[in-house]
Amino acid sequence: MPKIVTQNRKAFHDYFVEEKFEAGIALAGTEVKSIRQGTINLKDSYCKTDGKEIFVVGMHISPYEKGNVFNKDPLRERKLLMHKKEILRLFNEVKKDGYSLIPLSVYFKDSYVKVEIGLCKGKKLYDKRETAAKRDAQREIERKMGRD
């Protein structure tokens with residue numbers, strides 16, 4: 001059972017998630033210790049690819065307190081580990097209009113840090129309003145059902 005460290009809730013607000021993928025991530029030892037403490041932020045992060053490699057940009061991992069000289073830059077680009085075919089497929093999808101790769105969550109699977117990335121299409125303002133209206137309607141229905 002994976003232990004979720006953090007989720008990117010803003011991504012679900014700003015994008016339609018078409019497909020989800022699991023990727024490993026290349027980290028330094030102090031970064032893993034910092035993630036275990038939960039000091040990671042996915043807000044405003046995204047993934048970029050050149051068809052051969054895929055990187056996550058804007059993921060903030062706070063420096064580990066006891067890491068001193070071994071700490072890395074908190075906002076450095078980090079390489080994601082995926083199969084070549086998956087990376088090539090994602091590269092072709094991202095070239096399409098309006099698609100982007102967004103990190104959705106970071107979690108531990110056994111002792112490995114994994115990143116769930118989503119192939120996302122941006123929402124327009126009216127889509128965001130429609131989603132909020134549906135969520136409010138669903139809450140209202142559940143509230144009424146709970147009282148009976």
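I count two strands as paired if DSSP finds at least two bridges between them. Helices (H or I, at least four residues) and strands (E, at least two) are DSSP runs, numbered from the N terminus.

The model is predicted, so I keep to pLDDT of at least 70 for local features and to 80 or more for side-chain atom pairs, while totals for chains, interfaces and linings use all residues. Residues are numbered from 1 along each chain as its sequence is written, and side-chain values use heavy atoms, without hydrogens and water.

**Strands**

I looked up the partners of β9. Ten bridges join β9 to β8, and the two run antiparallel. P103 stands opposite I117 of β9. The hairpin of β8 and β9 has two residues between the strands, and D110 there takes a positive phi near 60 degrees. β2 also pairs with β9 in the antiparallel sense, over nine bridges; here K20 faces G118 of β9.

**Core**

I take buried as under 20% relative accessible area, exposed as over 50%, and partly exposed as in between (1.4 Å probe, protein chains only). A nonpolar core is a set of buried Ala, Val, Leu, Ile, Met, Phe, Trp, Tyr and Cys residues joined through side-chain atoms within 4.5 Å.

The largest such core has 22 residues, and I117, L90 and M82 are among those with the most contacts inside it. At least two residues each come from β2 (15–25), β5 (54–57), α3 (84–95), β8 (99–109) and β9 (112–122). β9 gives the most, with four residues.

I then listed the contacts (heavy atoms within 4.5 Å) of I117. Leaving aside neighbours within four places in sequence, they include F21, C47, I54, L80, L90 and L104.

**Helix α3**

I checked the length of α3.

I87, L90 and E93 are buried in α3. Down the helix axis these buried residues fall within an arc of 125 degrees, so they line one face of α3; the arc is that of the directions from the axis to the C-beta atoms. They pack against β2, β4 (46–49), β5, β8 and β9. The face turned away carries the exposed residues K84, K85 and K95.

**Cysteines**

I searched for disulfides, meaning pairs of cysteine sulfur atoms within 2.5 Å, and the count is zero. For C47 the nearest cysteine sulfur is that of C120, 9.3 Å away, which is too far for a bond. C47 counts as buried because its relative accessibility is 9%. C120 is buried too, at 0%.
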